[in-house]
Structure formats: structure tokens, C-alpha cells
Amino acid sequence: MGEIRYGIAGLPVTHSLSPLLTALVCDHLHLSGRSTTLKMELVSVSSISDALAWGYAGSVPNPQEWELTQAVFGTFRTTALMEKAVVAARAVKIPAAALAPKLEAFDGAVVLKHAQRLPTRMFEHEIWMNLTSPLKHQLDSEAVICIDHSRDIKSINALRWDGKGWWSAGFDGLGVCAVMTHHGFPPQHTVLGLIGGGGAARSTALAWSQNGGLIRSMGGRRELGDGPWMNSMTTQEPDVVVNFESGTPSFDVDVLLHASYSGMGGALDERVDRMIAMPLDGRWLLVAQHLACWKHLWAPERKEDLPSLELLLNRLIVAETTLDKYA
């Protein structure tokens, strides 16, 4: 029997919705079942070496409780509740009309740095990992093949082990491009206001500039700094803004996206309404960059079979609502 091992690594990670997204996409692609098992863990670490150690060892020394189930992965409670959430989400075949895109889905490609090609199939045993703060800037080993330019700008957020070595990439920026395009503002001919200068902000600056967009740096605790996006910098007023820092500043723009997300109560309809209200919730970005991980790194041979951004977001909301009933 095959196995997919997935970990979300960083600090903190106990609140993360990424494991739930992984389960939903695996279900959509019929990857988890009799022939393949999905094993997930919260890898609560502050160093990239410890995160990679999880990949090699296959377990963590101190399992963390997942906030959505108040139990660790692998326990009966988490397994049973995850199955209930996935089954409930599976029933959503057509996403809510309110989540419908205003433009065709963003189809930007990864600007590859290396000539090596990723495997064109999934292996019997796969290891996938997402990195969050403070790990995105720590991976600089040449032993890990970075398929794009994310290592150059210290913004890696996804890894894959192919049985022989590690592959890595950064997809936060492609996620922002996808969300803004979904709401009617593709990078071309759009000025993006950028608050912050951390790994996700640098990834966004790179992807936005590579796809023909202009960028207005709007400050923050960390400066964006110089990078391959310099020719795309402008002093023009932004059409849309993405905020990678805390706080909820308001701007007179068409779309304001906050990168962070937090717990969300209420009935399903109320949650859908929250997803379309401004500022946009960070779940939009989370779902978009997660789909980019699948499309470009974890299973590019299945990219045509992936759910749409709006369908996966709708299913995530349903799954969250289901888990909240048992909290």
C-alpha cells in the first residue's frame, strides 16, 4: 500500500488549516483510500534542520494537538472527525455563486531555475511539506533542488521528497496572483500595493513582476528591499493591496487581501458571506497557494484534475463548519 506523508512545519502550526486542505484535495483526486494512506502531522519546529529531520524520521518527538479537533493526528478522534469533515465537503459539487470568479483562472507558470524535471508520476511513498514562519528563509542547502527562484529571495514554502532527494519551491506569490485574478485584477495592467517585506511578500513581488504587474511598496515592519522585482516598482496608486502584516488598515482600493486568517464561527451561509466581504480573509490565499503546490510540485501530472479555487474554498468552509460542531 502506498503512503502520502504530509507535514506543516513552523511555529506555530497547531491552528493550521493546511492539513484539512490536503485531505480535501486527496479526496477530490481519489488518492486516499484502499490503495493509498494519508498520514499527516504538525511539525512544530523553529529550524529547517528539524523540519527535514521529520521527513527522514517519519515522526515528531512531541506530537501536537490540532486545534480543530483538540487531538493529535493519528488518534481516533482526529481521524474520525477528519473523515466527517471530508465527507461533508465532498457533497459540495457546485460552489456557492457568491464565490464565482470574475475572470478565468490565473494560469501563470513557475519560472524555472533548473533544467531538471520533476517526476512525471507519483511514487508509492510521497513526502510533502509546507513551511511557514520562521522557516521560509532558512533553507539554503544546495542538496535541496529549488525548481524556481524562491531560494534566491529566501521564500520557500513547499518541499517534496521523491525517494532520492528533496525538491522545493515558493508559491505564496502565485497564490496572490490567483486570488487577485479571481476577483478581476490579473497582474497585467494592475498595480499591487504590498505591505510587508517577509518571505511571502518577497514571493509575491517576484511572481507579480514575472507576470507583468506593477508593485507599490507600502512599508511595514520589514522593508521589501531590492530584488528581481525592481524594474516593476512604481509610485502609482495601487488598484489592489495585499497585507502580510498584523492589523487591519483600510485603503480605498478595489480589493484588499489580508494574508492571515483566524477561527471563524457562524453558520455556513454566514461564513460564505464573510469570504466575499472586504477585506478578503486569508483563506483565499491559503487555498490558492495550496493549489499551486499541487499543480507545480506535488502532483503536476494531475493539474487538470484539481478542484477550482472557489470549489476548494467552499469545501474548506464546509469542512471547518463540520469540525466546529464537535469542538
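1. Strands, as the word is used in this note, are DSSP runs of type E with at least two residues, numbered from the N terminus. Val 144 lies in one of them, strand E4, which covers residues 144-146. The model under discussion is a predicted one, and the points below should be read with that in mind.

2. Val 144 has a relative accessible area of 4% and is therefore buried. Apart from its neighbours within four places in sequence, Val 144 is in contact with Leu 139, Arg 151, Leu 159, Trp 166, Trp 167 and Ser 168. Ser 133, by contrast, is 11 residues from Val 144 in sequence, and the C-alpha atoms of these two residues are 19 Å apart in space.

3. The loop between E4 and strand E5 (158-161) is where Asp 152 is placed. With a relative accessible area of 46%, Asp 152 is partly exposed, because that class takes in values between the 20% limit for buried and the 50% limit for exposed.

4. Glu 126 deserves a look of its own. Glu 126 sits in strand E3, which spans residues 125-131, and its relative accessible area of 1% makes this residue buried.

5. Turning to helix packing, helix H1 (residues 18-28) and helix H3 (residues 76-90) have axes that come within 10 Å and cross at roughly 55°. H1 is therefore oblique to H3, and the crossing of the two helices is right-handed. From H1, the residues Pro 19, Leu 20, Ala 23, Leu 24 and Asp 27 meet Met 82, Ala 85, Val 86, Ala 89 and Arg 90 of H3. Sorted by type, the residues of this contact comprise eight nonpolar, no polar and two charged.

6. Helix H4 (residues 172-182) is largely enclosed by the rest of the structure, since 11 of its 11 residues are buried. Among them are Asp 172, Thr 181 and His 182, as well as Leu 174, Val 176, Val 179 and Met 180. The buried residues of H4 pack against strand E7 (191-195), strand E9 (240-243) and strand E10 (255-258), and also against helix H5 (199-210), helix H7 (283-298) and helix H8 (309-324). Just after H4, Gly 184 adopts a positive phi of about 100°.

7. On the cysteines, the count of disulfides in the model comes to zero, where a disulfide would need a pair of cysteine sulfur atoms within 2.5 Å. Cys 177 takes part in no disulfide, and the nearest cysteine sulfur to it, that of Cys 293, is 14 Å away. Cys 177 belongs to the buried residues of H4, and its relative accessibility is 0%. For Cys 293, the closest cysteine sulfur is in Cys 146, at 12 Å, which is too far for a bond. Cys 293 is likewise buried, with a relative accessible area of 0%.

Methods. Residues are numbered from 1 along each chain as its sequence is written. This is a predicted model: local features need pLDDT of at least 70, side-chain atom pairs count only at pLDDT 80 or more; totals for chains, interfaces and linings use all residues. Side-chain values use heavy atoms; hydrogens and water are left out. Axes are lines fitted to C-alpha atoms, for helices over the stretch in contact, and angles run from 0 to 180 degrees between N-to-C directions. Helices (H or I, at least four residues) and strands (E, at least two) are DSSP runs, numbered from the N terminus. Angles under 35 degrees count as roughly parallel, over 145 as roughly antiparallel, 65 to 115 as roughly perpendicular and the rest as oblique. A crossing is left-handed if the near helix is turned anticlockwise from the far one by less than a right angle, and right-handed if clockwise. Contact means heavy atoms within 4.5 Å. Ala, Val, Leu, Ile, Met, Phe, Trp, Tyr, Cys and Pro count as nonpolar, Asp, Glu, Lys and Arg as charged, and the others, Gly among them, as polar. Buried means under 20% relative accessible area, exposed over 50%, partly exposed in between (1.4 Å probe, protein chains only).
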